[in-house]
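Subject: Structure handover

Hello,

Here is the structure for you to take over. Please open it first, then read the notes below it.

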Amino acid sequence: MDSTIGEQMYGWAKDLFPIPRSLTGDGVRDTLHYLQERIPQLEIHEVPSHTPAFDWSTPDEWNVDEAYIITPDGEKIADYHDHNLHLVGYSVPVEKTMSLETLQEHLHSIPEQPTAIPYVTSYYQRRWGFCLTHRQREALVPGEYRVVIRSRIEPGYMTYGDAVLPGRQRDEVLFSTYVCHPSMANNELSGPVIATALARWLHELDDRRLTYRFVFVPETIGAIYYISQHLEALRKHVIAGFQLTCCGDTRTYSMIHSRRGNTLADRVARHVMQRHTPEFETYSFLDRGSDERQFCSPGVDLPVVSIMRSKYREYPEYHTSLDDLSLISPRGLHESLQLYKRCLRILEKNHRPQACFPCEPQLGRRGLYPTLSTRNSGQTVRNIKNLLTYADGTRDLLEIAETIDVACVDLLETFETLLDNNLLQINEPA
Amino acid sequence: MDSTIGEQMYGWAKDLFPIPRSLTGDGVRDTLHYLQERIPQLEIHEVPSHTPAFDWSTPDEWNVDEAYIITPDGEKIADYHDHNLHLVGYSVPVEKTMSLETLQEHLHSIPEQPTAIPYVTSYYQRRWGFCLTHRQREALVPGEYRVVIRSRIEPGYMTYGDAVLPGRQRDEVLFSTYVCHPSMANNELSGPVIATALARWLHELDDRRLTYRFVFVPETIGAIYYISQHLEALRKHVIAGFQLTCCGDTRTYSMIHSRRGNTLADRVARHVMQRHTPEFETYSFLDRGSDERQFCSPGVDLPVVSIMRSKYREYPEYHTSLDDLSLISPRGLHESLQLYKRCLRILEKNHRPQACFPCEPQLGRRGLYPTLSTRNSGQTVRNIKNLLTYADGTRDLLEIAETIDVACVDLLETFETLLDNNLLQINEPA
Amino acid sequence: MDSTIGEQMYGWAKDLFPIPRSLTGDGVRDTLHYLQERIPQLEIHEVPSHTPAFDWSTPDEWNVDEAYIITPDGEKIADYHDHNLHLVGYSVPVEKTMSLETLQEHLHSIPEQPTAIPYVTSYYQRRWGFCLTHRQREALVPGEYRVVIRSRIEPGYMTYGDAVLPGRQRDEVLFSTYVCHPSMANNELSGPVIATALARWLHELDDRRLTYRFVFVPETIGAIYYISQHLEALRKHVIAGFQLTCCGDTRTYSMIHSRRGNTLADRVARHVMQRHTPEFETYSFLDRGSDERQFCSPGVDLPVVSIMRSKYREYPEYHTSLDDLSLISPRGLHESLQLYKRCLRILEKNHRPQACFPCEPQLGRRGLYPTLSTRNSGQTVRNIKNLLTYADGTRDLLEIAETIDVACVDLLETFETLLDNNLLQINEPA
């Protein structure tokens, strides 16, 4: 069953991989419609171009019909239909013949990675360009090259999606991921597919204390626009947030802290990783690079972290065609999903419990304590007693777990037992 | 004189050792009357059985007339009158003959410590049982055994004692120790005899700033009952408390912190131990096991720590007949007493002094400073100057001592000198 | 130009070196008049003897016409006119003949430093005495010695100077240094000459946000008197202060923290030293010894630190005639001046900036960001983005610099650029 979920997520990634995504355009729409079939709560929004959002405004919509280069030998290379990374994002339309020398000014490749097509965009400066492997580029011979880019940059819409799964409380957990990356797998299809699996899992829970918000946006401008529309509500309700990115491979785990560094999101993510993947790497907010740049910015200041495998910018395939479906795997996706689920299971129960009696309660008469006192008695009920001892109404379950040195997920059942026995109470509004 | 105190305490322990104590019964009464002869302020209280106390109620009273086993050879073994550890605490009355096989279900011994009689109780589940050395147990031959337990478990009283030595202030230092352990020496006769010595020493002081409360109770239920009767007063007045236990041997010192970990009690105990027995072992509250479990529980939350030698559960003789009078010594008791006295001397003077003048006062004209300034002058008056420098009304004497890196007891005289010279003042209510 | 400033400061030290200074007297006056010619804002104050100041009162004025010893051979030794360290400070007048044995009781030398004349004073106990090299002292032969001290200790004045350079704000930076040391160079002419250079530099700045106060006083009593006259204003306005002393040589830098240890003065000095002379030595306030004893005392409690080279009491020449002009140098003075200037440049701009927009601003359209996004883009604008990211109105520039791990002086230009682009704002009163 669990491996099924991994396979399922990997299948979604495979379906979504070829779709040509960018900040805007039909690739984003197709991606969101695909996800909507799997998350019924997902709403798709269309924002007209040039809509202001804080210091920004939404861009023109960009769509591409075809794009390629014809070599002096008549060969078609760098064909957008072969790989959508071949075209610099937001390239303007071009149909022109030019010398290799002139063409070179518009080519991008990576000498150190001769088989990789780099991922290059130029969203806010009108340009055109092609990306190709360095090997391919070096093989180009002098002569006349025909360049064809049939693209349209024109007023249209920026498309994004969001889904809210209400809980008993308005306190909210935010997941944000992005849908603007062309054909790359870890960065970024791992984020949307894990978001989708989490939304489906939460939807099926009998009872949710917290409200969950999933946001699928183009990076930067999408997040900025979304925040501009929901600033007060997000600031008021979000108790923890996660930027979902780069979580599909099977290398060492990593996490990036929020700007404040010790929010509830930081605490739960760090606790879960320390307990369940203790060899993980920690990055400070100085190493940020995804939409936590917006969510954690002054004036927004949400508690948003990322749990990742290979962090963006840190793995060799990053932002190239090498970040393909072979880099991610059902197991990688599934293991990351498990970590996120552990975080959510904790957040759902992360109350500040209070012991109902001064002094220790009499566990024995409730069947929670051995009745014969010997030298080793009490060892087995240590967790019960420690939880009761630190349940002073000032510490949440996470802090108690860390104080008594156990994994918080392992404490959840004890917590329920003590609630059921009226030995703990919760003073917060239900 | 000092060694006399050690001998005196050891003598009390010797007298008290054979008395058969338990949660209740005549052994507790006899013990408290013995202590009352040495602490005139000690009041003895009788609490009827089944009196409620928070989640608990006081138990039936238990007294034993005799208890033993007759072997198939007619030998009387495991005789309660030989050693009161032979009988499981709160054993119900029995007079029966049974096979060795049946008897074995009621026997307790420690294979790894073949010469030790273990200490076993069954306060809250009606049972009977005998404890014996493993060597003795292994020598038992098949056959019919006659078991005799002439005990009475019936409504009566739980007995405890307390003594309050009032000071000029209502701020209170609490000492708690227990009187429910049968014939064992370190855990627990060391606590009651050191408590007795401290009470006598405090009684003889000319002038006490603080009020001192000594509590002699059966463990757990005694402490819980006591707290239930004095909760508001304890919470209001206790500024530091000590659970007196396991302080009679001469092995490495140890301390167990309070639940909060940095109360005044923690600070004074840690300071005294760091300065005077720096090789001591520190235990967190997770290693608790005595009545600090009640005193520090949420809803009670008193600043209670223990200064110990060999901590309960950590020494091989713990809760066996090997914890006998050879384990404790006059020197061990005396050295522990000295540590506690140092804590009290500091607590008595632990004001937040305030310098009377802005800038340094002129020490020279008060004879507190050399009049000829040379390269080394000032070295000898460093303590005076440092105390004045940090006496800003926000730090207590303990914090100042730690800041200026001296033992606080060594600062008490300087503190008095500066008070007498009107260079320091105390702003607290007298 | 910069080396010129070092030479200029050294020249001032050379001019001031021979002047016979003490707590009071014409040497102090001559010194202050010399400084006044270089700091036009310097005001010179005369305080009558026996004026009370907190626990102290100002001393009689002391002036010396001549002082020497005539040996049995008729040789004049320990002549005050040769070196003013020969006479114990505040020596009473004497004209007497005595045996070597009697004379010895009034002589001071240092056996371990046989060529050094020690610096000895007796301000508050009427005495007389001579200081000489140990070599000289050992050469003294038995016989009759004539001692001549033509000094006057009589009601007069204590002289000190101060200069205030007003800024746009009343928030004030305090510099204090002393003018009571006879012919010694590092301790103490380095302080007054660097104070003079700083005052001149600040005077020439176009625009000062902060107010600067320079205080030139005799040590201890001068500082105490000054504080007694300005206590409320100093407490209200001083945001950072520096005791200028021992900053003229070229040995390892050191700093002494304020009593509180983490004031703005501590933070800026520590930051500048960590970034620019990372091998510096740190002393806690327990190692204090200059007028920070008064400025940081309880009841005054100003944020005053010292940035030094060889700290007083820690270098072999300290308080002897070996602390002469060869110990300090133009380079030593100049380098210390540079550190202090860095501190002031930071303090002038040390606002708590606030980002003007929620989310990141669009740097690209302001020419602050590359328009083509490639794998390495953003590296060059990291400082801009980090400053914006941490500009949440709660952190001052110093804290931001430490958080983002750059030297604060290197951030000042970026800070101005972002202010000019209306991307940062300052909420404090101008």
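**What was found**

Chain A and chain B bury about 2,400 Å² between them, and carbon and sulfur atoms give 50% of that area. Buried area is the accessible area (1.4 Å probe) that two parts lose on being put together, summed over both.

Some ground rules. This is a predicted model, in which local features need pLDDT of at least 70 and side-chain atom pairs count only at pLDDT 80 or more, while totals for chains, interfaces and linings use all residues. Residues are numbered from 1 along each chain as its sequence is written, chains are lettered from A and ligands numbered from 1 in the order in which they are written, and side-chain values use heavy atoms, with hydrogens and water left out.

**Chain A against chain B**

The contact (heavy atoms within 4.5 Å) takes 25 residues from chain A and 31 residues from chain B. Four salt bridges are counted between these two chains. A salt bridge here is a side-chain nitrogen of Lys or Arg within 4 Å of a carboxyl oxygen of Asp or Glu. In one salt bridge, A:Arg365 meets B:Asp55, at 2.7 Å from N to O.

Polar contacts were also searched for. Each is a pair of N or O atoms within 3.5 Å; within protein, one must be able to donate a hydrogen and the other to accept it, and residues adjacent in sequence count only if both atoms are side-chain atoms. Between chain A and chain B the rule finds twelve residue pairs in polar contact, both at pLDDT 80 or more. On the side of chain A that touches chain B, helix α10 (residues 382-390) of chain A gives the most, with six residues. Helices (H or I, at least four residues) and strands (E, at least two) are DSSP runs, numbered from the N terminus. By class, this side of chain A has ten nonpolar, seven polar and eight charged residues. Ala, Val, Leu, Ile, Met, Phe, Trp, Tyr, Cys and Pro count as nonpolar, Asp, Glu, Lys and Arg as charged, and the others, Gly among them, as polar.

**Chain A against chain C**

Here the contact takes 31 residues from chain A and 25 residues from chain C. The buried area is about 2,400 Å², with 49% from carbon and sulfur atoms. A:Asp55, A:Leu286 and A:Pro298 supply 28% of the area that chain A buries against chain C, more than any other three residues.

Four salt bridges cross this interface. One of them joins C:Glu360 to A:Arg293, with the closest N and O atoms 2.9 Å apart. Twelve residue pairs are in polar contact between chain A and chain C, both at pLDDT 80 or more. On the side of chain A that touches chain C, α6 (221-237) and α8 (292-295) of chain A each supply at least two residues. The largest share, three residues, comes from α6(A). This side of chain A divides into 15 nonpolar, ten polar and six charged residues.

**How the chains are related**

A rotation of 120 degrees, with 0.0 Å of shift along its axis, superposes chain A on chain B at an RMSD of 0.1 Å. That is the relation of a three-fold axis. In chain A, the C-alpha nearest the axis belongs to A:Asn262, 13 Å from it. The copies are superposed by least squares on the C-alpha atoms of residues with pLDDT of at least 70 in both.

**Within chain A**

Chain A is divided into domain 1 (2-59 + 157-348), domain 2 (62-154) and domain 3 (352-429). These bounds come from an automatic or database domain assignment. The C-alpha centres of domain 2 and domain 3 of chain A lie 64 Å apart.

Best wishes
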